[in-house]
Amino acid sequence: MGDAFCLHAGREGHILMAKTVLIVEDDRNIADLLRLYLEKEGYTVVIAPDGMRGVEQFRTVHPSLVLLDVMLPGLDGWGVCRAIRAESQTPIIMLTAKSETEDKVNGLKQGADDYITKPFEMKEVLARIEAVLRRRLEFDKLVIDMDAFELTVDGKKVPTPPKEMELLYHLASTPNRVYTRNQLLDEVWGFDYFGDTRTVDVHIKRLREKLEGVSDQWDLKTVWSVGYKFEVK
């Protein structure tokens, strides 16, 4: 199959433009089909045709998500999954022609986040990818993982209370959008919360202590007399 190859695409303004999907699949037709649909949705796509090169590409590219075939030449999908899980919690969706429950359970035990059986509908694949990624946001030197409730800053996990995580996730989910303090109270704390807007200020201050100066590509900014935004430059 030759060396792994990279294909890039992006749709300006699409929130998923910065997301990279690594496809580890030895069937070129399936890989090309997945690439075509994913590129249309604004993803960047990297393809590896076997397990060993899948692990190599994972370490080089640091993708947002891995679509991983089980039946691969050389190192199989289970081996690739174990190798990735030994060093990362990057989401993995397994692809396989097998439909037995035992195989699905095995994949989940190995650390996979989801499991899709071939043949599959592309709408289903896209929906599964979006569902897995929806709870995990990645920026330069920053990972917000709401499934694990983990904040990773510059490669290190930083202990962060749940409400701070929710506030940061809410802001970062819509980069550059300005939220008023009252909007954040309603949308993060809930309409039935009776605290005042200083609660938001205190949580923002604590988040800044964790995030300030980490990257020049994003910032947690105050919009004077209005509120806050997660600015992506």
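What share of contacts in the protein chain between residues at least 6 apart in sequence join residues at least 24 apart? The share is 58%, where a contact means heavy atoms within 4.5 Å.

Before going on, a word on the source. This is a predicted model, in which local features need pLDDT of at least 70 and side-chain atom pairs count only at pLDDT 80 or more, while totals for chains, interfaces and linings use all residues. Residues are numbered from 1 along each chain as its sequence is written, and side-chain values use heavy atoms, with hydrogens and water left out.

The protein chain has eight helices and 13 strands. These are DSSP runs numbered from the N terminus, with at least four residues of H or I for a helix and at least two of E for a strand. Of the 233 residues in the chain, 47% are buried; buried means under 20% relative accessible area, exposed means over 50%, and partly exposed is in between, with a 1.4 Å probe and protein chains only.

Two strands pair here if DSSP finds at least two bridges between them. Strand 8 (residues 142-145) and strand 9 (residues 150-153) are joined by four bridges, and Ile 144 stands opposite Leu 151 in strand 9.

Six bridges link strand 12 to strand 13 (residues 227-232), and Lys 221 has Lys 229 in strand 13 as its bridge partner.

Now the spaces. On a 1 Å grid over the protein atoms alone, a cavity is a set of points where a 1.4 Å probe fits but cannot get out; a pocket is an open set with protein on both sides within 12 Å along at least five of seven lines; and lining residues have an atom within 4 Å of a point. Grid points are joined across faces, edges and corners, and a volume is the space filled by probe spheres set on the points. There is one cavity of 30 Å³ or more, and the largest cavity holds about 40 Å³. Its lining consists of Arg 208, Leu 211, Glu 212, Trp 218, Asp 219 and Leu 220. Helix 8 (198-211) and strand 12 (218-223) are the elements that give two or more residues to this lining, and strand 12 has the largest share, with three.

The second largest pocket has about 180 Å³ of space. Among its lining residues are Arg 85, Asp 113, Arg 136, Asp 145 and Glu 150.

Last, one residue. Met 71 is in the loop between strand 4 (65-69) and helix 3 (77-85). Why is Met 71 counted as partly exposed? Because its relative accessibility is 48%.
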